[in-house]
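Colleague: I am new to this one. Could you show me how to read it, feature by feature?

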Amino acid sequence: MDVHVRLDGQRDLSGQIYRQLRTAIHDGLLRPGDRLPPTRELGRRLEVARNTVGVAYERLVAEGYADSRVGSGTYVRTTGLPMGGTATATDTTTHSGLRPRALWAGLSPWAAPETSGPTTAAHDFRVGLPDARLFPYDAWRPLIARELRFSAAGTVGYGDPAGHAGLRAALARHIGLSRGVRTGPDDVLVTTGTQQALDLIGRVLLDPGDRVAVEEPGYPPARLPFLAQGAEVTGVPVDAEGLLVDAIPPDTRAVYVTPAHQFPLGMAMSLRRRAALLQWARRHGAAVIEDDYDSEFRFGGRPVETLQSLDRDGHVIYVGSFSKVMLPSLRVGFLVAPAPLRAALRTAKYTVDWHTAVPTQAALARFVDDGLLARHVRRMQHTYATRHRAITKALTDHFADLTTLVPSAAGLHVTAFTRGHLTEPDALADLAVRARASGVAVYTLAEVAANRSACPGFVFGYGSISAPDIEPGLHRVLGQPRDS
Ligand SMILES: Cc1ncc(COP(=O)(O)O)c(C=O)c1O
């Protein structure tokens, strides 16, 4: 363990070493069981006699902070430390006069329902998570391992900000085939998830004060990158066909939409509405940001054309993500932008983080090229379709008096508006709290949506819940006695 010790002058050198090591143990920087540097080595580094360090160590041992093991060294004591366990680092910076720009005071990450890690809940209706239990780890691991060798190109030097050439080619083919997106490898920019794609778009497109229209209710994280550019973000209502194009303010510079599977309601934007949105964008010279998340999993109905493939005038920026088809923790997404934006977007990407991790990109390229992605999507499509059917049937068969299901044929969640006594926000919130206390991870529409006053309802994710657990889980949420 390389410990930083700073000596001042020539007096009481042993005492100085002793006190700093003791503080490091108190602050938890040196943890129980850690080996202190050999006295000879620390003495050499500090340019003091070995014995000076030895005296400091003896004091730590005498006071119960360390144990000396003959022939092995001196170790931080594992039990019965004088301060009664590991402490956290003292925060010496709370008095700093440094402050973020005022803009940042009003921004915070999505206070989302938990979206990380496994849950202890018996019934997991969390939103936005694929089934990590079914990820093809055995196929993925050798691909990553292959990239983490010296001979692999990805391990040497920096990569192209626009992304790994093989992945861009694979992606262009993949979305061309599966989504009808008209693109080539040079048009694709690999990003660290959708979130970064939106950030890059905001950077190159928006001036402070520009207006961005977003869906309401909508996906909360999408607003942040625009707000961080100083843009005005305006919520525009949606109906059963998607965004109400007539309600977009005329001075809007960019419109962010989720046409494949509206977040959080779940319906697809109708073809008629898509055409109207494109016409609006053309008339107003605005950009349309198409977040095509959740489009990979469809359960019937004819797929509607992407806005990008319908666009004839270069108004659409298409954004895709691997968070649902692979894993959100990989943080890989991409965008396809009209030609005049590409150079600026590539420079913006370079500015932000140079490039997305190359070994992950290279492994993903092979995953796509070798047909493993298509195979995984096919398998998961079947699994999620079964769950979608199970949840739709259970809600219709057992809870039609309490809920109205929003029709949806894609994605990893369904939304059900609530009726009767469950239209009252407090009653609904109370039901959700009690459900969670009883081991069901479930969230109301207001909890997952930007626009807290969204219609009363629940958003039921089925990415992480097995089909047989769905109906019992719903009973534990909606079958609760009214006043328990
Ligand atoms: C509307 C929407 N877009 C995109 C994403 C994926 O975002 P990312 O690629 O940053 O993980 C999600 C994830 O839940 C989402 O709900």
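Modeller: Start with a definition: a polar contact is a pair of N or O atoms within 3.5 Å. Keep in mind that this is a predicted model. Here a backbone N or O atom of Thr194 lies 2.7 Å from an oxygen atom of the ligand, so the pair falls within the 3.5 Å cut-off.

Colleague: Which side chains have an N or O atom 2.8 Å from an oxygen atom of the ligand?

Modeller: Arg331 has one at that distance. Ser323 also takes part, with a polar side-chain atom 2.6 Å from a ligand oxygen. Taken alone, the ligand exposes 400 Å², and the protein buries 93% of that.

Colleague: Where does the ligand sit?

Modeller: In the largest pocket. The ligand is surrounded by 14 residues, and Asp291 and Ser321 are among the closest.

Colleague: How do the residues of that shell divide?

Modeller: Four are nonpolar, seven polar and three charged. Helix 7 (residues 193-205) gives the largest share of the shell, three residues.

Colleague: Now the sheet. How do strands pair?

Modeller: Strands of a sheet pair through backbone hydrogen bonds, either parallel or antiparallel. In this model, eight strands make an open sheet with mixed pairing, in the order 4-11-10-9-8-5-6-7. Strand 4 (188-191) and strand 7 (242-243) are the edges, each pairing on one side only.

Colleague: How many bridges join strand 4 to strand 11?

Modeller: Four, and the two strands run antiparallel. Strand 11 covers residues 333-336.

Key: Residues are numbered from 1 along each chain as its sequence is written. This is a predicted model: local features need pLDDT of at least 70, side-chain atom pairs count only at pLDDT 80 or more; totals for chains, interfaces and linings use all residues. Side-chain values use heavy atoms; hydrogens and water are left out. A residue is near a molecule or strand if one of its heavy atoms lies within 4 Å of it. A polar contact is a pair of N or O atoms within 3.5 Å; within protein, one must be able to donate a hydrogen and the other to accept it, and residues adjacent in sequence count only if both atoms are side-chain atoms. Accessible areas come from the Shrake-Rupley method with a 1.4 Å probe; for residues, only the protein chains shown count as cover. On a 1 Å grid over the protein atoms alone, a cavity is a set of points where a 1.4 Å probe fits but cannot get out, and a pocket is an open set with protein on both sides within 12 Å along at least five of seven lines; lining residues have an atom within 4 Å of a point. A molecule sits in a cavity or pocket if more than half of its atoms lie within 2 Å of its grid points. Ala, Val, Leu, Ile, Met, Phe, Trp, Tyr, Cys and Pro count as nonpolar, Asp, Glu, Lys and Arg as charged, and the others, Gly among them, as polar. Two strands pair if DSSP finds at least two bridges between them.
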